[in-house]
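Here are my notes on the model, as numbered points. Please read them with the structure open.

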Amino acid sequence: MRIEELKPSKRVQGRWLAVLEDGSILRVGEGEVIDFALYAGRELTDGEAEVLTAAARCTGLKEKALNLLARKPMSRKELERKLTEWEAGEEEISSICVRMEELGFLNDAAYAVQVVRHYSQKGCGEHKLRDELYRRGVPRELWEDALAHAADPAETIDAFVHKKLAGKEPDRKELKKVSDALMRRGYGWEDISAALRRFGAETED
């Protein structure tokens, strides 16, 4: 297989286009250009073409993963799911994830803290925070350290209760409505009942 033309891509910096004799275009990175000593007129054996194609494919997946992580932090598990959607093989997935970790774009511990802080600031309780960590594929051994960064539930619940009940003498139905809303946000009954008592409302265990 002969390379008829080798030129830099006008759209993506660091990418080169190898135009092959059958008219197909192989998109390669600068690393492949150097490692495979590519140039216009270079004859590739079938074996070389196969290895080059695999290397170029992996480079393209790494670029997509890097662009994705630069826009949106995620866990390793989430990136693995995305790479699977892109039809990456197991070895490619492992290699790309390791490389993203080396570059600092993939860090499950830091991501777990970020998730906890984000949802905690939105008024979510521990049960909801655990659900989010599970949903996002964060390893369970990282949960407790991350949850230590959550906002004080007492302050958040007190603010919610005062917002909903200030100036009222709530009956049992109103208290249940507020309690149910807080439970949907992931707070436990112990924290909710303590907040209602601080507000001056009577609660039942």
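1. Start with R136. Leaving aside neighbours within four places in sequence, R136 is in contact with S75, K77, E78, R81, Y111, V115 and Y119; contact means heavy atoms within 4.5 Å. R136 lies in the loop between α6 and α7. Helices here are DSSP runs of H or I, at least four residues, and strands are runs of E, at least two, numbered from the N terminus.

2. Ground rules. This is a predicted model, where local features need pLDDT of at least 70 and side-chain atom pairs count only at pLDDT 80 or more, while totals for chains, interfaces and linings use all residues. Residues are numbered from 1 along each chain as its sequence is written, and side-chain values use heavy atoms, with hydrogens and water left out.

3. R136 again: buried or exposed? R136 counts as buried, at 13% relative accessibility. Buried means under 20% relative accessible area, exposed over 50%, partly exposed in between (1.4 Å probe, protein chains only). Two tyrosines meet its side chain. A polar contact of 3.0 Å joins the side chains of R136 and Y111. Another, of 2.8 Å, joins those of R136 and Y119. A polar contact is a pair of N or O atoms within 3.5 Å; within protein, one must be able to donate a hydrogen and the other to accept it, and residues adjacent in sequence count only if both atoms are side-chain atoms.

4. Helix α6. In α6 (residues 126-135), L129, E132 and L133 are buried. Seen down the axis of α6, these buried residues fall within an arc of 100 degrees, so they line one face of the helix. The arc is that of the directions from the helix axis to the C-beta atoms. They pack against α5 and α7 (143-147). G137 follows α6, with a positive phi near 75 degrees.

5. Helix α3. E78, L79 and L83 are buried in α3 (residues 76-85). Seen down the axis of α3, its buried residues fall within an arc of 135 degrees, so they line one face of the helix. Their cover includes α2 (46-71), α4 (90-103) and α5 (108-121). E87 follows α3 and has a positive phi, near 65 degrees.

6. Core. The largest nonpolar core has 14 residues. Such a core is a set of buried Ala, Val, Leu, Ile, Met, Phe, Trp, Tyr and Cys residues joined through side-chain atoms within 4.5 Å. Those with the most contacts inside it are L69, L79, L83, I96, C97, M100 and L106. α2, α3 and α4 each supply at least two residues of this core. Its largest share, five residues, comes from α2. M100 touches K62, A65, L66, L69, L79, F105 and L106, not counting residues up to four places away in sequence.

7. Cysteines. The structure holds zero disulfides (a disulfide is a pair of cysteine sulfur atoms within 2.5 Å). For C58, the nearest cysteine sulfur, that of C97, is 11 Å away. C58 is buried, with a relative accessible area of 14%. C97 counts as buried too, at 0% relative accessibility.

8. Strands. β1 (residues 3-8) and β2 (residues 15-20) run antiparallel, joined by five bridges. Two strands pair if DSSP finds at least two bridges between them. I3 has L20 in β2 as its bridge partner. β2 also pairs with β3 (residues 25-29), in the antiparallel sense over five bridges. There, W16 stands opposite V28 in β3.
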